[in-house]
Amino acid sequence: MLTRLAAIYVSFIRGTPLLVQIYLAYYGLPKILDYIHLKYGFNIDVNNIPAIIFVYVAFILNVSGYLSETFRAAIQSVDKGQVEAALSIGMTKWQAMRRIVLPQAIIITFPNFGNTFISLIKDSSLAFSVSIVEMIGKAKIISASGLDIFEAYIVVSGIYWVVCIIVEKVMGIVEKKLRVGGL
């Protein structure tokens with residue numbers, strides 16, 4: 001049952017655009033919270049919840065759907081013989097997972113984790129669609145007031161590019177340390 005629910009969740013997340021998920025969180029979660037308030041009497045004032053919280057929820061749900069598939073594939077890629085060897089020397093399944101499988105799976109998933117993090121940085125521009133002023137929103141405001149459209153978006157693209165390069169370099173350093181066993 002839980003496996004089926006997880007499969008439906010991952011399928012939904014991977015099959016719908018992040019922008020739609022942001023809209024569902026921004027417009028749908030307040031309705032759900034209002035229903036919970038009315039039905040069960042929880043004191044939830046939806047109007048006091050900042051819009052950014054709903055965007056964070058959408059991002060968390062989106063990234064967790066993608067990373068769950070990444071981790072599943074990485075865990076399945078670890079040779080079954082290693083688990084069998086661990087069990088044969090008396091380790092429990094949990095010990096084999098913790099000591100043998102997960103350390104290897106983390107190294108396997110790390111490059112994809114970095115790519116997902118960089119995508120999340122760039123996807124933060126979608127927050128403007130629900131009235132959160134981030135870099136793209138600020139560029140739109142600046143360009144509307146002074147007609148410096150091209151310059152505003154060049155600056156924003158440069159900022160995104162520099163931030164992504166920094167994240168990429170840091171992830172590369174951490175990945176090298178992980179592969180050597182230095183962390």
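Colleague: How many helices and how many strands are there in the protein?

Modeller: This is a predicted model. The protein has seven helices and zero strands, so the order of elements from the N terminus is α-α-α-α-α-α-α.

Colleague: Is the protein spread out or compact?

Modeller: Its radius of gyration is 21 Å, well over the 16 Å that the globule rule gives for 183 residues, so the protein is more spread out than a compact globule. Along the principal axes, the C-alpha atoms fill a box of roughly 70 × 50 × 25 Å.

Colleague: What percentage of the residues is buried?

Modeller: Buried residues account for 25% of the 183.

Colleague: Changing topic, which residues does the "transmembrane region" annotation cover?

Modeller: The unreviewed UniProt entry gives residues 7-29, 49-67, 100-121 and 141-167. In the model, residues 100-121 are 100% helix, with the end C-alpha atoms 32 Å apart. Residues 49-67 are 89% helix, and their end C-alpha atoms are 27 Å apart.

Colleague: On to packing: at what angle do the axes of H5 and H7 cross?

Modeller: The axes of H5 (residues 93-123) and H7 (residues 149-180) cross at roughly 170° and come within 10 Å. The two helices are therefore roughly antiparallel to each other.

Colleague: And which residues meet there?

Modeller: Those in H5 include Phe-110, Phe-113, Phe-117 and Lys-122; those in H7 include Tyr-160, Val-167, Glu-168 and Arg-179. The residues of this contact divide into 15 nonpolar, one polar and four charged.

Note on methods:
Residues are numbered from 1 along each chain as its sequence is written. This is a predicted model: local features need pLDDT of at least 70, side-chain atom pairs count only at pLDDT 80 or more; totals for chains, interfaces and linings use all residues. Side-chain values use heavy atoms; hydrogens and water are left out. UniProt positions are given in the numbering used here, feature names are shortened, and annotations may be inferred rather than shown by experiment. Helices (H or I, at least four residues) and strands (E, at least two) are DSSP runs, numbered from the N terminus. Axes are lines fitted to C-alpha atoms, for helices over the stretch in contact, and angles run from 0 to 180 degrees between N-to-C directions. Angles under 35 degrees count as roughly parallel, over 145 as roughly antiparallel, 65 to 115 as roughly perpendicular and the rest as oblique. Contact means heavy atoms within 4.5 Å. Ala, Val, Leu, Ile, Met, Phe, Trp, Tyr, Cys and Pro count as nonpolar, Asp, Glu, Lys and Arg as charged, and the others, Gly among them, as polar. The radius of gyration is taken over C-alpha atoms; the globule rule is 2.2 Å times the number of residues to the power 0.38. Buried means under 20% relative accessible area, exposed over 50%, partly exposed in between (1.4 Å probe, protein chains only).
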